[in-house]
Amino acid sequence: HGDYQQRVDFIGEFSDAFNRMICQLDARQKALKAEIEDSKKKSEALEETNILLSAITAGIPQGIVVLSNKTGCPLFMNQTARSLQVHCENLLRLLRESADDISIIVNESVHIYSVQNYSVRWEEKGATAYVLYDISEERRQIQELEQCALYDELTGVRNRYAGMNILKSRIEDGQPFVLGFIDLDNLKYVNDEMGHKEGDRYIIRAAEVLNKFSDDAVISRIGGDEFMVLTQR
């Protein structure tokens with residue numbers, strides 16, 4: 001009847017063997033109950049840990065994803081990561097396969113995320129934690145700085161610094177090229193007679209025409225009314 005506390009003495013010499021078997025079964029049942037209880041406590045502790053992690057990471061802008069090394073399945077995702085997965089169904093595949101930044105379209109806007117990964121132990125098994133940092137604004141600022149440093153603000157073509165650096169690189173590499181210098185006529189007259197706004201339009205229009213010169217041409221504004229055209233021979 002499952003009562004392993006009972007003992008028998010009415011089956012002769014088999015009584016001792018039977019009683020030893022009952023003791024073994026009793027010990028196994030106690031060990032199984034202890035293992036079940038331990039497993040239950042670990043599950044409850046893990047659930048409490050997940051709740052705590054969710055609460056701690058709910059308000060941070062970084063996405064956090066923990067994936068099993070064996071199955072690749074998610075073991076934990078914070079609120080930010082779950083929101084990203086809504087916009088990017090293949091987010092987990094990108095994390096597993098990408099060794100670089102990843103791009104995700106959120107509300108019709110491209111966001112760039114830098115991903116850092118860490119080896120962790122999760123439920124006593126190997127896992128990898130991924131932390132996603134939104135660097136979209138940082139990238140935008142860098143692009144703006146590069147635009148200011150390398151491109152002419154008025155025309156959008158390269159400035160003198162960028163053009164001369166490219167020319168110097170072509171010379172050092174021994175690459176054949178054709179170099180042309182263009183000086184606009186009568187810019188001072190346009191500025192004096194029609195105003196600097198019309199003078200700017202004159203310069204902009206000239207840059208637009210030069211940009212159509214060749215697909216491989218490098219157009220640079222090297223002075224107020226001076227342009228340089230660098231192209232392959």
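The protein chain holds 7 helices and 9 strands, where helices (H or I, at least four residues) and strands (E, at least two) are DSSP runs numbered from the N terminus. Please note that this is a predicted model, in which local features need pLDDT of at least 70, side-chain atom pairs count only at pLDDT 80 or more, and totals for chains, interfaces and linings use all residues. Residues are numbered from 1 along each chain as its sequence is written, and side-chain values use heavy atoms, leaving out hydrogens and water.

**Whole chain**
- Of the 233 residues in the protein chain, 28% count as buried (buried is under 20% relative accessible area, exposed over 50%, partly exposed in between; 1.4 Å probe, protein chains only).
- Among contacts (heavy atoms within 4.5 Å) between residues at least 6 apart in sequence, 42% join residues at least 24 apart.

**Helix α2**
- Helix α2 spans residues 79–87, and its buried residues are T80, A81 and L84.
- Seen down the axis of α2, these residues fall within an arc of 95 degrees, so they line one face of the helix; the arc is that of the directions from the helix axis to the C-beta atoms.
- The cover over the buried residues of α2 includes β1 (63–68), β2 (74–77), α3 (91–97), β3 (102–106), β4 (109–122) and β5 (125–134).

**Around F18**
- F18 belongs to helix α1 (residues 14–57).
- With a relative accessible area of 33%, F18 is partly exposed.
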